[in-house]
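Hi there,

Here is the structure I promised to pass on. Have a look at it first, and my notes follow below.

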Amino acid sequence: MVSSSWTRRHVLSLADFTPAEYDTVLQTAASFGEVLTRRTKKVPALQGQVVTTMFFESSTRTRSSFELAAKRLSADILNFAPGTSSLTKGETILDTAKTYLAMGTDMMVIRHKEAGVPQAIAAEMDRLQTNVGVLNAGDGLHEHPSQALLDLFTLCSQLDADHPRLSLLKDKKIAVVGDILHSRVARSNIWSLTASGAEVHLAGPPTLLPKLFADFIHPTADSTLLPPPNPSLPNFPRKLFLHWSLQPALQDADVVMTLRLQKERMTSHLLPSLREYHQQFGITRDRLKLCNPDVKVMHPGPVNRGVEISSDLMDDPDLSLVSQQVTSGVAVRMALLYLMGGGKS
Ligand code: NCD
């Protein structure tokens, strides 16, 4: 297994991921994907290491997927549940993290509704000169790197299952549709998909896709993004476009990535009604006729059926990659834990 290009202790954001790092994750995940097809779906790679999941926000697939990934790697796993923890007695999050550190945790997988919490814990672990790795499993509106990496793996594996790599997506047209404003999945995906050389077309109502949105990568006049300012990163043009209607994003698209309307994060009335949203931005079979005939549809889940995507389309195995995304999640999270744990073959 290749891990020579891996030097990261923490995975907090994809903003500074290099093409070599993406390829290392993809290739390592492909190897673990093969392990997961065996009768005994387990390897001893992290035997003796402790992985602690700390989810301060609801989750079904991400938390379970990390737990299964850790178990498949033979790690010991602790699942922290905030509602029944000492947080309710006034303990701080940093003290909670230090408690798990004192128990010998090697890796922490953290989700929080506020952006920056995994980063703060990672900084504290570094300040204390520990070797603990922190993985961001979704922080507020900021990033969700493991979801974008599993999306990338799902797409690249469709094109070459044995040798998934970033360059397979070069010049593909990928539409990302829906509540982009509140989506940490979209923010991480923008980094990975634009790094591949794909054309990424964001589409949503103006209230959920303000023009200023492009500025979080780089401010531009025309939405075609310039290379990121970090000089240590490879100098590739990032192709990102914004649309306030569906048609230009879907036209000839190879992939349509739909996003959940994050009603729990909407502080004011940003939409007239869910029915109207579906009429304008819902992905249906009929609308897919605009796309490339081989188009695939994705959704990170959980799905509001009949709102962002029609129910029959979501369940159609010829068009929908939704179940593959969940399956890929275990292999990709195994790859991340393995690499962060200092993976040696
Ligand atoms: C996403 C999340 O939590 O950001 N879900 C996930 O991790 N699969 C997207 C969402 O909640 O809509």
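How many bridges pair strand β6 with β7, and in which sense do the two strands run? Strand β6 (residues 199-203) and β7 pair in the parallel sense, over 5 bridges. Within that pairing, Ala-203 stands opposite His-243 of β7. Helices (H or I, at least four residues) and strands (E, at least two) are DSSP runs, numbered from the N terminus, and two strands pair if DSSP finds at least two bridges between them.

Before the rest, a word on what you are looking at. This is a predicted model, in which local features need pLDDT of at least 70 and side-chain atom pairs count only at pLDDT 80 or more, while totals for chains, interfaces and linings use all residues. Residues are numbered from 1 along each chain as its sequence is written, and side-chain values use heavy atoms, with hydrogens and water left out.

**The two sheets**

β6 and β7 belong to an open sheet of 5 strands with parallel pairing, in the order β7-β6-β5-β8-β9. Its edge strands are β7 (239-243) and β9 (296-298), each of which pairs on one side only. From one strand to the next, the twist averages 20° (axes are lines fitted to C-alpha atoms, for helices over the stretch in contact, and angles run from 0 to 180 degrees between N-to-C directions).

Another open sheet has 4 strands in the order β2-β1-β3-β4, again with parallel pairing. β2 (76-80) and β4 (133-139) are at its edges with a single partner strand each, so one side of each has no neighbour in the sheet. Neighbouring strands here are turned by 15° against each other on average, direction ignored.

Inside this sheet, β1 (residues 50-55) is joined to β3 (residues 107-112) by 5 bridges, and the two run parallel. Val-51 has Met-107 as its bridge partner in β3. β1 also pairs with β2 in the parallel sense over 5 bridges, with Leu-78 in β2 as the bridge partner of Thr-52.

**The pockets**

The largest pocket holds about 360 Å³ of space. Pockets were found on a 1 Å grid over the protein atoms alone: a pocket is an open set of points where a 1.4 Å probe fits, with protein on both sides within 12 Å along at least five of seven lines, and lining residues have an atom within 4 Å of a point. Grid points are joined across faces, edges and corners, and a volume is the space filled by probe spheres set on the points.

Of the 20 residues in the lining, Arg-111, Arg-184, Arg-260, Gly-301 and Pro-302 lie nearest the centre of the largest pocket. α2 (61-72) and α6 (184-195) each supply at least two lining residues. Domain 1 (19-143 + 327-340) and domain 2 (147-323) each give at least three; the domain bounds come from an automatic or database domain assignment.

The second largest pocket has a volume of about 220 Å³. It is lined by 14 residues, and Gly-33, Phe-153, Ser-157, Thr-327 and Ser-328 are the closest to its centre. The elements giving two or more residues to this lining are α1 (19-35), α5 (145-159) and α11 (322-340).

**Two backbone details**

The peptide bond from Gly-301 to Pro-302 is cis, with omega near -5°. Pro-302 is in the loop between β9 and α10 (311-314), and Gln-129 lies in the loop between α4 (117-127) and β4. Gln-129 has a phi near 55°, a positive value in a residue other than glycine. Most residues other than glycine have a negative phi, and most peptide bonds are trans.

Best wishes
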